[in-house]
Amino acid sequence: MPDALEPDVHVMGKRLMWSQNAFTDRLNLKWPILQAPMGSLSTPALAAAVSNAGGLGGLGMWGFSAEDAERRIAGFQQLSGGSLNVNYPLWPEPRFTPDVSGPMRARLQAHFDAKGLGAVPEPKGAAGEVSHEHLSMLMRAKPQMVSFHFGLPHQEVINAIKDAGIFIISSATTVAEARMLEQRGVDAIIAQGIEAGGHRGTFTGVDVSMQPGLFALLPQVVDVVRVPVIAAGGVADGRTVAAAFVLGASAVQLGTAFLRCEEANVLDAHRAALREPTDACTVVTDLITGRPARYVKTGLIDDLVASELRPVPFPGQLSLTAPLGGTGDRELTALFAGQSAALASDTTAGALVEQLAEATSECLRVFSRS
Ligand SMILES: Cc1cc2nc3c(=O)[nH]c(=O)nc-3n(C[C@H](O)[C@H](O)[C@H](O)COP(=O)(O)O)c2cc1C
């Protein structure tokens with residue numbers, strides 16, 4: 001690590017080494033910059049480009065069989081010899097009841113009719129878990145990191161992954177959740193501020209209107225846990241990365257900014273929306289998938305909010321709304337995005353990591369001179 005890129009910054013009397021710390025040492029990273037695993041939107045090419053640039057690439061395994069997950073990891077490994085984060089969102093088996101799904105299906109029928117999609121299907125969806133097949137696959141593939149969203153799996157699964165020498169992380173949206181994750185044995189914690197795009201990682205059902213922004217959450221989590229903290233939510237350029245490190249982060253995780261990279265698997269309507277966001281164009285709602293997530297606001301969201309209906313339990317609601325996104329109509333598409341979407345631009349993943357690294361160092365250099 002050349003000294004020129006590690007500015008001599010002191011925060012509260014301590015030297016701030018933003019680019020090299022215990023977290024980067026353990027995961028063999030040049031830069032403490034994580035590309036968020038984002039289900040099928042995160043491709044092996046995206047993750048590999050990030051890791052090749054010295055960051056940590058991530059692959060979301062939501063909805064993939066163990067065989068397909070292993071193929072995705074092999075795809076990454078063909079393109080990169082760097083570290084990899086493999087991600088599992090976790091949720092219980094949904095129970096669908098006609099009193100909830102009936103009115104919701106009836107409301108969506110008008111949208112289906114307008115697009116000639118036929119009858120709204122019955123909701124479907126199974127539990128999100130680390131199955132025996134996935135666990136065996138992880139033991140073979142041995143990614144450097146396994147991350148979770150919506151909590152943690154059973155302790156035996158955690159122990160097996162840790163015993164294999166794999167680093168474990170998960171998201172917290174409050175200080176209480178961060179404490180719970182640390183008690184369960186995670187190696188690092190993602191502090192996910194309310195600004196974040198995609199699903200809220202809460203696993204204690206915290207009211208969305210009470211979940212803190214990253215500026216409030218991050219230093220409070222850093223104060224109470226001993227493990228490294230990864231800042232997520234609204235981090236999108238050198239200034240926001242630098243701010244996260246000044247607030248005590250050991251790394252940052254960006255999702256929305258990586259959606260603008262050409263290696264990401266993003267629908268055309270979604271890409272178009274990401275090119276013209278504002279600071280105030282997004283909303284958190286559970287009406288698209290059944291769990292709260294942040295999106296660019298659309299006509300579909302407006303209509304479902306106006307209906308005052310409850311969503312079908314996650315991920316059943318997504319099985320109802322996903323066909324609408326397949327029509328290419330932007331107003332019917334799930335336009336996942338965070339509040340800093342306007343800070344991002346079209347680029348490649350390697351260029352984004354390098355630009356973030358350089359801009360962060362420059363920002364901290366200016367800060368240290370003033
Ligand atoms: C399209 C999209 C999909 C996401 N999917 C996942 C996921 O599958 N697992 C996960 O742990 N986090 C997921 N996230 C959340 C990110 O991990 C992260 O918290 C968030 O992107 C950070 O905020 P930002 O979007 O403002 O950078 C997703 C985010 C986006 C934007």
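Predicted model: local features only at pLDDT ≥ 70, side-chain atom pairs only at ≥ 80, totals over all residues.
Residues are numbered from 1 along each chain as its sequence is written, and side-chain values use heavy atoms, with hydrogens and water left out.

**View 1. The boundary between domain 1 and domain 2**. Domain 1 covers 3-92 + 127-265 + 346-369 and domain 2 covers 95-124 + 282-336, with bounds that come from an automatic or database domain assignment. Here 15 residues of domain 1 are in contact with eleven residues of domain 2, contact meaning heavy atoms within 4.5 Å. The two domains bury about 1,000 Å² between them, 68% of it on carbon and sulfur atoms, where buried area is the accessible area (1.4 Å probe) that two parts lose on being put together, summed over both. Trp91, Gly198 and His199 supply 39% of the area that domain 1 buries against domain 2, more than any other three residues.

**View 2. The ring pair of Trp18 and Phe245**. The ring centres lie 5.3 Å apart and the planes stand at 75 degrees, so Trp18 and Phe245 form an edge-to-face pair; rings of Phe, Tyr and Trp (its six-membered ring) pair if their centres lie within 6.5 Å, and planes under 30 degrees apart count as stacked, over 60 as edge-to-face and the rest as tilted. Because Trp18 lies in the loop between strand E2 (14-16) and helix H1 (22-27) and Phe245 in helix H9 (residues 238-246), the pair ties together parts that are 227 residues apart in sequence. Helices (H or I, at least four residues) and strands (E, at least two) are DSSP runs, numbered from the N terminus.

**View 3. The salt bridge of Asp303 and Arg107**. The closest N and O atoms of Asp303 and Arg107 are 2.9 Å apart, a salt bridge being a side-chain nitrogen of Lys or Arg within 4 Å of a carboxyl oxygen of Asp or Glu. Asp303 in helix H12 (residues 299-307) and Arg107 in helix H4 (residues 98-114) are 196 residues apart.

**View 4. The cis peptide bond from Phe314 to Pro315**. Omega of this bond is near -5 degrees, and Pro315 is placed in the loop between H12 and helix H13 (316-325).
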